[in-house]
Amino acid sequence: MATTLIVKPTLSSAFLGQKLSSRGNSKRSTPSGLFLRGPRCAADTAYGGNIPKFSRANVWDPYKRLGISRDASEEEVWGSRNFLLNQYANHERSAESIEAAFEKILMASFINRKKTKINLKTRLKKKVEESPPWVQNLLNFVELPPPVIILRRLFLFGFMACWSVMNSAEAGPAFQVAISFGACVYFLNDKTKSLGRAAIIGFGGLVAGWFCGSLLVPMVPSSLLPITWSLELLTSLFIYVSLFLSCTFLK
């Protein structure tokens, strides 16, 4: 009896151990089977297997490559480029082909704009050369200063005009006109290095502004003007414009 009790547990334990080991082997074999059946990594797949490729990558014409006409606007060019890049972003060669076509179109547009500017300058110069002698002599007295100088002087004479309008109810614009005339002579003297020439040009601008104002102001209906705006004030506005033009664009 004791022998039987001793042997049976031994047999049962061996049997259970074998059964457990077989279960363990089955559990261990499951991950290995899953590992063999698992998906491959990106390095194992063929290059460009399922990635969409740009079909017009080898088209020579950049407009046809992007699918737009030669008359397309800048917004249409950008829109076609962005659409194609989003569609073929995962294919490097397609994206490079799209970017190359886009850069060619931009470069061609820049060259055309530059040629247009050069053509305009050439045409203007040619017209000046073909103009009568008296027109050429007048143009010799005119120059185009840098934009900074134009804006500074425009601000100065605009300030004088605003000052005259705000002070119109109290006094006339004689003081502001005198300051504007002095500034005009100063700017001309700095340019021509001749005080006499600067004074003559400044005085001519003053007379020209007064003449235009005296001629045109009476034609303006009084109902359109404020009550405080006198004939003298309106004439002074023409004088400011004339002095600005004289000291800025005349040599």
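# Salt bridges, helix faces and a surface patch

Q: Why is the pair Arg81 and Glu99 called a salt bridge?
A: In this predicted model, the closest N and O atoms of Arg81 and Glu99 are 2.7 Å apart. The definition asks for a side-chain nitrogen of Lys or Arg within 4 Å of a carboxyl oxygen of Asp or Glu, and the pair therefore counts as a salt bridge.

Q: How do you know that the buried residues of α3 lie on the same side?
A: The buried residues of α3 are Val77, Ser80, Arg81, Leu84 and Leu85. They cover an arc of only 125° around the axis, and therefore share one side of α3. Glu75, Phe83 and Asn86 are exposed on the other side of α3.

Q: What makes the span of α3 close to the expected one?
A: Helix α3, residues 74-87, has 14 residues and reaches 20 Å from its first C-alpha to its last, against an expected 20 Å at 1.5 Å a residue.

Q: How do you know that Asp61 and Arg70 form a salt bridge, and how is each of them classed?
A: The closest N and O atoms of Asp61 and Arg70 are 3.2 Å apart, which is within the 4 Å limit, so the pair qualifies. Asp61, with a relative accessible area of 12%, is under the 20% cut-off and is therefore buried, whereas Arg70, at 55%, is over 50% and so counts as exposed.

Q: Why is the pair Glu143 and Lys191 called a salt bridge, and where are its two residues?
A: The closest N and O atoms of Glu143 and Lys191 are 3.2 Å apart, so the pair meets the limit of 4 Å. Glu143 is in the loop between α5 (133-139) and α6 (147-166), Lys191 is in helix α7, and the two are 48 residues apart.

Q: What makes one side of α8 a buried side?
A: Ala198, Ile201, Gly202, Gly205, Leu206, Gly209 and Gly213 are buried in α8. These residues cover an arc of only 140° around the axis, which means that they are on the same side of α8. The buried residues of α8 pack against α7 (174-192) and α9 (231-249), while on the other side Ile200, Trp210 and Phe211 are exposed.

Q: Which residues make the nonpolar surface patch, and what does α8 give to the patch?
A: The patch, of about 640 Å², is made by Trp210, Phe211, Leu215, Leu216, Met219 and Phe238, and α8 gives the most, with four residues.

Q: Why is Met219 called exposed, and where is Met219 found?
A: Met219 has a relative accessible area of 61%, and because exposed means over 50%, Met219 is placed in that class. Met219 is found in the loop between α8 and α9.

Conventions: Residues numbered from 1 in each chain as written. Predicted model: local features only at pLDDT ≥ 70, side-chain atom pairs only at ≥ 80, totals over all residues. Heavy atoms only, no water. Expected span 1.5 Å × (residues − 1). Buried < 20%, exposed > 50% of the residue type's maximum accessible area, 1.4 Å probe, protein only. Arc of directions from axis to C-beta. Contact = heavy atoms within 4.5 Å. Patch = residues over 30% accessible without salt bridge, like charges linked within 9 Å, V, L, I, M, F, W, Y side chains within 5 Å. Areas by Shrake-Rupley, 256 points an atom, 1.4 Å probe, with all protein chains shown as cover.
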